[in-house]
Amino acid sequence: MPLINTNNWAYLDAPTGVAGDMLLAALFDQGLSEEVVLEPLKSFGLGAAFRLQICKSSSAGMRGTRLNVELLEASPPHRLWRDLRPQLEAAPWPDHLRAKVLAVFGLLAQAEGWVHGLPPEKVHFHEVGAIDALVDVVGVCAGLLHFKVDHLFASAPPAGHGEVISAHGPLPVPVPAVLEIAKQRQIPLASSAGFPAGELTTPTGIALLSVWVKQFCVPPAHIPGSVGIGLGQRTLDRPNLLRLWQPLKQDLSSQDSINQPEAASETLLVQQCQVDDMDGESIAFLQEQLRDAGALEVFSQSIQMKKGRPGVLITCLARPDLAKELRAIWWQHCSSLGLRERLEPRWVLSRESVCLDSPWGPVLAKQAQGRVKVEADELARLARAHGLSWHELRAALTAP
């Protein structure tokens with residue numbers, strides 16, 4: 001069954017860490033027009049607040065593009081996240097740009113709030129949304145969307161070591177917000193051994209990675225297409241740069257032309273309890289509530305408990321950062337007085353959504369390592385619409 005489209009992907013190689021200005025500089029180096037960045041910032045009311053200084057330069061003999069954001073007015077010193085958020089929500093931007101920008105700043109506010117012991121709403125503007133940070137975040141999100149990047153893969157960035165001077169005085173590196181985001185989102189940090197002391201990955205940089213990167217892995221097999229190199233501001237003992245590239249566009253009529261990354265490891269939260277005093281309807285409701293709250297999967301198994309009583313083992317799989325939220329659902333809707341939790345590694349094959357051209361029109365499917373599996377909801381939709389059996393449809397859609 002031929003593929004008629006696939007997701008666009010890009011790869012980010014960050015051997016010396018990542019910062020928002022480096023990533024935006026790489027996009028400019030890749031050919032991004034300044035207007036793509038300036039237009040949403042002007043519509044947000046920041047047109048007169050800054051000037052972009054984009055220049056071709058080099059770092060330790062390697063070429064690239066360096067970006068400086070020249071501030072033409074001071075950032076408001078007492079602006080809070082609770083003030084910035086409604087402004088971003090009301091920005092006259094496309095929905096997908098607004099959603100990405102809000103996700104990045106929301107994560108920054110949450111992390112800064114945690115390390116300062118404050119609710120996110122009370123985090124100061126300079127910590128999550130100074131003008132240069134707004135330029136970096138809005139610019140990077142607008143640029144990646146402009147290049148139609150659906151999946152961003154990346155290498156694990158080094159965070160740095162030593163200490164850095166901040167508005168709060170000297171801080172250890174990784175700075176607390178970087179460490180908190182890496183912990184919450186299970187982002188791997190490469191070793192900083194051998195680097196000069198200093199910050200390599202910034203809070204804005206790691207927040208952008210956490211929102212955009214689907215997988216930290218080696219790049220898939222491909223022919224490189226457009227390449228952008230963004231230079232950092234610091235002078236290191238090696239080229240201070242990151243590289244962003246997309247594969248050369250290929251004919252998607254053959255599945256063999258699509259190469260995907262190998263399997264990658266990720267950390268999974270496992271929550272479990274066993275019950276013998278809940279009926280099937282209440283167990284089904286508990287599972288539904290856990291899924292609605294973001295669980296990746298919830299399932300139950302029949303077991304035999306103490307004193308020979310039949311029971312049910314209920315298991316929930318989720319991202320580690322959802323532990324507290326899911327735990328509250330267990331306490332509210334489950335009769336158990338205890339809940340087991342553990343973190344487990346799992347290997348996941350890279351997969352992407354594709355669309356099959358079928359006699360019944362486009363059909364959504366997943367592809368992994370050359371295997372294509374039609375979505376169950378799609379099979380059900382076609383069976384109802386055309387009066388065909390599930391088996392008949394599956395056989396027709398998976399035929400070579």
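Modeller: Two strands are said to pair if DSSP finds at least two bridges between them; strands (E, at least two residues) and helices (H or I, at least four) are DSSP runs numbered from the N terminus. This is a predicted model, in which local features need pLDDT of at least 70 and side-chain atom pairs count only at pLDDT 80 or more, while totals for chains, interfaces and linings use all residues. Residues are numbered from 1 along each chain as its sequence is written, and side-chain values use heavy atoms, with hydrogens and water left out.

Colleague: Which strands stand at the edges of the open sheet of four strands?

Modeller: The pairing is antiparallel, and the order is β13-β14-β12-β15. Each edge strand has a single partner, so one side of each is left without a neighbour in the sheet. The edge strands are β13 (297-304) and β15 (340-348).

Colleague: How many bridges join β13 to β14?

Modeller: The two strands run antiparallel, with β14 covering residues 310-318. Within this pairing, F299 stands opposite T315 in β14. The number of bridges is eight.

Colleague: How are the rings of Y11 and W245 arranged?

Modeller: Rings of Phe, Tyr and Trp (its six-membered ring) pair if their centres lie within 6.5 Å; planes under 30 degrees apart count as stacked, over 60 as edge-to-face and the rest as tilted. Y11 is buried at 4% relative accessibility, and W245 is buried at 11%. With centres 5.2 Å apart and planes at 45°, the pair is tilted.

Colleague: How many residues apart in sequence are the parts that F44 and W93 tie together?

Modeller: The rings of F44 and W93 form a tilted pair, 5.5 Å centre to centre with 40° between the planes. F44 lies in the loop between α2 (34-43) and β3 (50-59), whereas W93 lies in the loop between α3 (81-89) and α4 (95-116). The parts so joined are 49 residues apart.

How values were computed:
Buried < 20%, exposed > 50% of the residue type's maximum accessible area, 1.4 Å probe, protein only.
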